[in-house]
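This report looks at a nonpolar core and at a ligand site. Please have the sequence and the model open as you read.

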Amino acid sequence: MIIAIDGPAASGKGTLGKRIAQYFGLAHLDTGLLYRAVARDVLVRGAALEDEEVAVDCARNLDPGTLDDPKLREAGIGEAASIVARLPGVRAALLTFQREFARRPPGAVLDGRDIGTVVCPDATVKIYVTAEPEVRARRRHLERLSQGDNVSYEEVLALIRERDARDANRANAPMRPADDAILLDTTNLDIEAAFDAAVGLIKRKISQ
Ligand code: C5P
């Protein structure tokens, strides 16, 4: 069983992906971490994020053992990731790893932007998680304040809008729901309610 969870930044898809994987006894891959790790490695090499030759080399030589690096969760790296994620060579280099991960028994939950459309078009269940940008910005703002980062709500909202636009408008594998994805709007749901709703949707789909 493969479960694809896509959606914009701070929609809750990461937390949902992790909990859904635990619930169904599946492996979990947060595919955003792959793009974040490529951005980190490009920056470590002192190259520009738009430098496709360096970025592709970083993607090809990515060490999956470094995906738990806490630096990948830092503010700023998500924006950097969305810049390298526009490069077709980077996406191509990361595709095999993601597909092999998904195919390994007993199956997996992958969350990202293009799982239902490109990485796993044959996924058993596809969920597209959304929420209003203001609500996502509020969640991200609280998260950053709790990390001691004194950023303003307006700045976080501007970054969310900018990243949404970059991810949705890129030519290659843009963020969008697959035609057969089930939409889950978490604007008015806390994480418990969103999790219950997602489990219900998945159970209904696999019993069909
Ligand atoms: O989900 P997360 O915020 O960690 O993703 C960081 C960036 O990586 C996204 O803004 C997006 O540009 C890129 N990404 C992608 N395709 C995926 C996962 C993430 O393009 N499957």
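## Terms and model

Helices (H or I, at least four residues) and strands (E, at least two) are DSSP runs, numbered from the N terminus. This is a predicted model: local features need pLDDT of at least 70, side-chain atom pairs count only at pLDDT 80 or more, and totals for chains, interfaces and linings use all residues. Residues are numbered from 1 along each chain as its sequence is written, and side-chain values use heavy atoms, with hydrogens and water left out.

## The ligand shell

## Polar contacts and cover

A polar contact is a pair of N or O atoms within 3.5 Å. Arg163 places a polar side-chain atom 2.8 Å from an oxygen atom of the ligand. For Arg170, a polar side-chain atom lies 2.9 Å from a ligand oxygen atom. Thr31 has a side-chain N or O atom 3.0 Å from a nitrogen atom of the ligand. On its own the ligand has 460 Å² of accessible area (Shrake-Rupley method, 1.4 Å probe), and the protein covers 96% of that.

## The largest nonpolar core

A nonpolar core is a set of buried Ala, Val, Leu, Ile, Met, Phe, Trp, Tyr and Cys residues joined through side-chain atoms within 4.5 Å. Buried means under 20% relative accessible area (1.4 Å probe, protein chains only). The largest core has 37 residues. Val38, Val42, Val90, Leu94 and Leu110 touch the most other members. Elements giving two or more residues include strand S1 (2-6), helix H3 (52-60) and strand S3 (108-112). H2 (32-44) is also among them, and H2 gives the most, seven residues.

A second, separate core has 17 residues, including Leu16, Ala21, Leu184 and Val199.

## Leu94

Leu94 sits in helix H5. Is Leu94 buried or exposed? Leu94 is buried, with a relative accessible area of 3%. Leaving out residues up to four places away in sequence, Leu94 touches Leu34, Tyr35, Val38, Ala59 and Leu62 (heavy atoms within 4.5 Å). The C-alpha atoms of Leu94 and Gln147 are separated by 30 Å, and the two residues are 53 apart along the chain.

Methods
Buried < 20%, exposed > 50% of the residue type's maximum accessible area, 1.4 Å probe, protein only. Polar contact = N/O pair within 3.5 Å; in protein donor to acceptor, adjacent residues only side chain to side chain.
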